[in-house]
Structure formats: structure tokens, C-alpha cells
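Dear colleague,

Please find below the structure that I am handing over to you. My notes on what was found follow directly after it.

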Amino acid sequence: MPAPLPKVGFISLGCPKALVDSERVLTQLRAEGYLIAPTYRDADLVVVNTCGFIDSAIDESLDTIGEALRENGRVVVTGCLGAKGDVVREAHPQVLAVTGPHDVASVMSAVHAHLPQPHDPYTSLIPPQGIRLTPPHYAYLKIAEGCNHRCTFCIIPSMRGDLASRPIGDVVQEAENLVHAGVKELLVISQDTSAYGVDVKYRTGFWRGRPLKTRLTELARALGDLGAWVRLHYVYPYPHVDELIPLMAEGKLLPYLDVPFQHANPRILRAMKRPANVGNTLERIRAWRAVCPELTIRSTFIVGFPGETEAEFEELLAFLEEAQLDRVGCFAYSPVEGAAANRLAHHVPDDVKEERRARFMQLQERISAQRLARKIGRTMTVLVDEINDDGAVARSSADAPEIDGQVYIAQAGKLKAGDFIDVRITRADAHDLWAEIGK
């Protein structure tokens with residue numbers, strides 16, 4: 001009788017970029033014949049992909065590692081927390097191995113060392129789209145690793161390195177494989193999506209024998225020809241981002257732009273080492289909307305950055321009022337270990353940071369409610385995410401999974417996850433929409 005196949009449990013924490021790393025490890029595990037165990041009890045070994053960006057993420061990662069050790073005992077740690085020196089080993093010295101982010105080879109080496117796999121050509125087969133952790137109808141498409149910026153609040157480059165763009169032919173081929181496998185929405189991600197190709201001087205690559213420049217505009221145009229929704233995340237506001245808006249107006253890309261502005265006061269932005277021309281930012285937002293009126297703009301901001309005065313925070317609120325952004329996230333500044341901003345003077349007290357965050361979100365909630373109310377009575381195409389006892393839960397072009405709002409459809413009928421359907425909006429609040437299937 002052949003030996004039972006080895007089983008690996010897997011826990012994935014952190015952002016979509018970490019999720020893609022997890023998918024690559026899982027794909028390699030399956031390619032080599034390992035089974036993926038759904039529980040600690042069934043696993044011969046557990047891999048934990050960690051996040052190490054902010055303190056709460058570090059705590060969650062360390063707690064999860066501890067749980068895996070208690071429930072299973074044989075744990076390999078990978079991800080961003082693994083790049084932060086001896087943090088993992090000091091908290092959990094009994095782990096089998098610790099590796100950094102986007103390092104499939106090191107994870108597999110650790111698995112091989114502690115759980116050798118028997119060769120079986122019949123189990124070493126995987127679908128061309130690889131192993132995915134997302135629902136079948138959408139997938140994250142990572143186009144680059146690392147970042148060339150040195151924002152003072154961020155430690156990502158120290159964990160993930162400088163920008164390293166994937167060959168454009170590989171990216172488009174992966175996207176086509178996903179679409180052929182039934183994916184309806186491609187979510188394009190990297191640490192700095194608009195910098196795609198900078199590190200290779202926008203060199204020309206090839207896909208199906210056709211030359212393609214390694215540059216975001218050319219990549220977006222190629223992805224737009226595949227017939228799926230294409231959503232862009234983490235877009236740094238370089239000048240060439242303006243080239244993407246006409247593609248959104250034409251329907252090649254979803255009219256959705258995720259641009260992390262972070263603040264609006266020039267002095268704070270300079271201290272963050274971010275672009276500081278706020279007037280230009282507002283002009284560009286107006287120009288984008290003139291070209292593509294349906295454009296949804298998502299952004300994130302930090303309040304309570306070291307040295308932020310009440311007047312500078314009020315300036316941020318004024319920007320928010322004028323920009324009328326659709327989707328916004330706000331974080332109170334967190335002194336992440338290793339961040340250059342920690343050395344700045346005049347740190348804002350925690351209670352003041354939280355009070356400012358609450359005021360910020362109260363204003364944005366009003367703006368969001370007003371903008372969503374304008375959609376009542378309109379007909380729009382939505383993508384169904386799930387069916388439940390109350391009906392269907394879907395998303396519009398304005399809604400990325402897990403971070404934005406949802407569209408609730410009362411009567412699902414024969415709908416299923418992954419279906420596109422035209423609906424009429426009947427109600428809205430500050431976050432979500434309610435709809436009925438169009439007659």
C-alpha cells in the first residue's frame with residue numbers, strides 16, 4: 001500500500017499582496033504532491049504567512065503562530081513578520097523555520113526538510129491558473145514586488161525590497177489563464193502599481209508574439225481586452241496615471257481608482273515623503289471626473305502623524321470636503337517599529353489621534369451617504385458574490401471586495417455567485433446599496 005500523502009495546513013494573514021504569496025506557495029505545494037489540510041488536526045505541518053506592518057498585525061501574527069504551535073506543534077513561519085529580525089524566534093523559539101515575504105523557495109525548502117514528499121506524478125498536477133484563496137469569480141493579479149519609495153511611516157521596502165516588476169508577458173498570460181478558468185474580475189495589485197516597469201526602464205516584453213512595453217498603461221490595455229472586469233489598486237498618482245482614465249471611460253477598465261493620498265497638508269506630506277502639491281491633486285481629480293464621470297475614487301489617509309497640528313488636520317478635512325472622494329479609509333498614526341517617522345518630534349497623543357480619526361470618518365460618512373444617494377433609481381451592472389437566505393450579495397464597479405460596500409438584492413431567483421446582473425438601485429446608506437432586479 002502506498003504511503004499516505006503528506007498534508008500541510010496553511011494560514012494566510014495580511015493584505016492582498018500577502019494573499020498572492022500564499023497562493024503561490026499553495027500552488028507549489030500542490031504541484032509537488034502535498035495535500036492541503038483544512039484543520040490543525042489533519043495537518044502534518046502548518047505554514048503561517050504573517051503580516052508585520054503595524055503593531056496590531058504583529059500581535060495577530062504572533063498569536064496565530066502560538067495557536068498553531070499549541071494545536072499542531074510543527075510550524076513554518078513566512079511573510080513580512082519573518083523579515084523583522086528575531087521577533088518570531090524570540091516569541092516562539094520552537095517554530096521549525098522562519099522566512100521572509102514572497103520567498104516560495106525558502107518556504108518549500110523548510111517544508112522539504114521537515115516533511116519530505118513522496119514523488120507521485122499523478123498528484124503533481126495543478127490547474128494552469130494555480131491554487132487560489134479567493135472565490136472562483138475574482139482573483140488578485142500581482143504585477144510587481146517591493147517599492148522604491150521611502151515613505152517615513154512605512155517599513156514595506158525593508159521587508160519586501162525595492163520595486164521588481166514581473167515580465168509583462170507572464171502577467172498577461174496569468175490573467176488569461178484566470179479568465180479561462182472562470183474569473184470575472186481581476187484585481188491588479190502591487191506595492192506601487194503605477195510604478196510598474198520603472199525598474200526595467202519600461203523595456204519591451206512579448207505576449208503571444210506581440211511586443212508590449214512593460215508599463216502600466218500598456219498592461220491595462222492588454223488586460224482590458226480579456227473580457228473581465230479589471231480593477232486597479234494602490235495607484236501612486238504619477239502623471240501617466242492620467243492615461244488610464246480614458247480607458248475607464250471606454251469600458252476597458254473599471255472606472256475605479258485606488259489612490260492612497262495619505263494627507264492634504266504640504267508640510268505633513270513632505271514629512272511623510274509623499275507628493276505635496278495638493279492643489280494639483282484637486283485639479284487632477286476634477287480632470288479625471290470630466291473625462292470619466294462614473295469614476296469612483298478610493299483613498300486612505302493617516303491622521304495624527306507626528307507634528308500634525310489642529311490647523312493641519314482641519315486642512316485635511318477641507319480637502320476631503322472639496323475632493324468628494326467616494327471610498328475612504330482612515331488610520332490613526334501607528335509608530336511601526338523601524339519607521340523613520342518615529343524619530344520626528346511632537347508625537348500626537350493617542351486620544352487626540354483617535355478623536356481626529358472619528359471626526360474625519362464622520363465627515364466622510366456624510367460625503368459617502370450623499371454620493372451613494374445619487375445612485376437611487378439608476379440601473380447598474382453588478383457582480384454577484386454570494387447567495388444567502390435573504391437574497392444575493394453583489395458588488396458594483398465602485399466596490400472592491402472586502403474593503404468597499406455591497407449591493408443587496410432582495411430576490412435572488414436563479415442567480416449564483418459569479419453572475420453579472422443588471423439591477424435598479426432602490427435604497428442607499430453611507431456604505432451600501434439595495435437593489436431589485438431590473439424588469
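In which loop is Thr 152 found? Thr 152 sits in the loop between β7 (144–145) and α5 (156–160). Before going further, please note that this is a predicted model, in which local features need pLDDT of at least 70 and side-chain atom pairs count only at pLDDT 80 or more, while totals for chains, interfaces and linings use all residues. Residues are numbered from 1 along each chain as its sequence is written, and side-chain values use heavy atoms, with hydrogens and water left out. Helices (H or I, at least four residues) and strands (E, at least two) are DSSP runs, numbered from the N terminus.

**Thr 152**

Thr 152 is buried, with a relative accessible area of 8%; buried means under 20% relative accessible area, exposed over 50%, and partly exposed in between (1.4 Å probe, protein chains only). Not counting residues up to four places away in sequence, Thr 152 touches Ala 271, Met 272, Lys 273, Phe 305, Ala 339, Ala 340 and Ala 341, where contact means heavy atoms within 4.5 Å. Its C-alpha atom is separated by 27 Å from that of Tyr 256, 104 residues apart along the chain.

**Two further residues**

His 240 has its place in the loop between β12 (229–232) and α8 (244–249). With a relative accessible area of 13%, His 240 is buried. Leaving aside neighbours within four places in sequence, His 240 is in contact with Ser 194, Tyr 202, Arg 215 and Thr 217.

Glu 386 belongs to strand β16 (residues 379–388). Glu 386 is partly exposed, its relative accessible area being 39%. Apart from neighbours within four places in sequence, the contacts of Glu 386 are Gly 391, Ala 392, Val 393 and Ala 417.

**Strands and sheets**

Strands of a sheet pair through backbone hydrogen bonds, either parallel or antiparallel. Here, two strands pair if DSSP finds at least two bridges between them. An open sheet of 5 strands has the order β2-β1-β3-β4-β5, with parallel pairing. At its edges stand β2 (35–37) and β5 (97–98), each with a single partner strand, so one side of each is left without a neighbour in the sheet. Within this sheet, strand β3 (residues 45–50) and β4 pair in the parallel sense over 5 bridges, and Thr 50 stands opposite Gly 79 in β4.

β10 and strand β11 (residues 210–213) run antiparallel and are joined by 4 bridges. Gly 205 stands opposite Leu 212 in β11.

**Nonpolar cores**

A nonpolar core is a set of buried Ala, Val, Leu, Ile, Met, Phe, Trp, Tyr and Cys residues joined through side-chain atoms within 4.5 Å. The largest has 60 residues, and those with the most contacts inside it are Leu 257, Phe 301, Leu 325 and Phe 360. Another core, of 17 residues, lies apart from it and includes Ala 37, Leu 62, Leu 81 and Val 95.

**Cavities and a pocket**

On a 1 Å grid over the protein atoms alone, a cavity is a set of points where a 1.4 Å probe fits but cannot get out, and a pocket is an open set with protein on both sides within 12 Å along at least five of seven lines; lining residues have an atom within 4 Å of a point. Grid points are joined across faces, edges and corners, and a volume is the space filled by probe spheres set on the points.

The structure holds 2 cavities of 30 Å³ or more. The largest cavity contains about 70 Å³ of space. It is lined by 13 residues, of which Asp 21, Val 25, Thr 78, His 102 and Asp 103 are the closest to its centre. The largest share of that lining, 3 residues, comes from α1.

The second largest cavity contains about 50 Å³, and its lining consists of Thr 296, Asp 326, Arg 327, Ser 368, Arg 371, Leu 372, Lys 375 and Ala 398. Helix α12 (residues 350–373) supplies the largest share of this lining, 3 residues.

The second largest pocket has a volume of about 390 Å³. Among its 18 lining residues, Pro 293, Glu 294, Thr 296, Lys 375 and Arg 378 lie nearest its centre. β16 provides the largest share of the lining, 3 residues.

With kind regards
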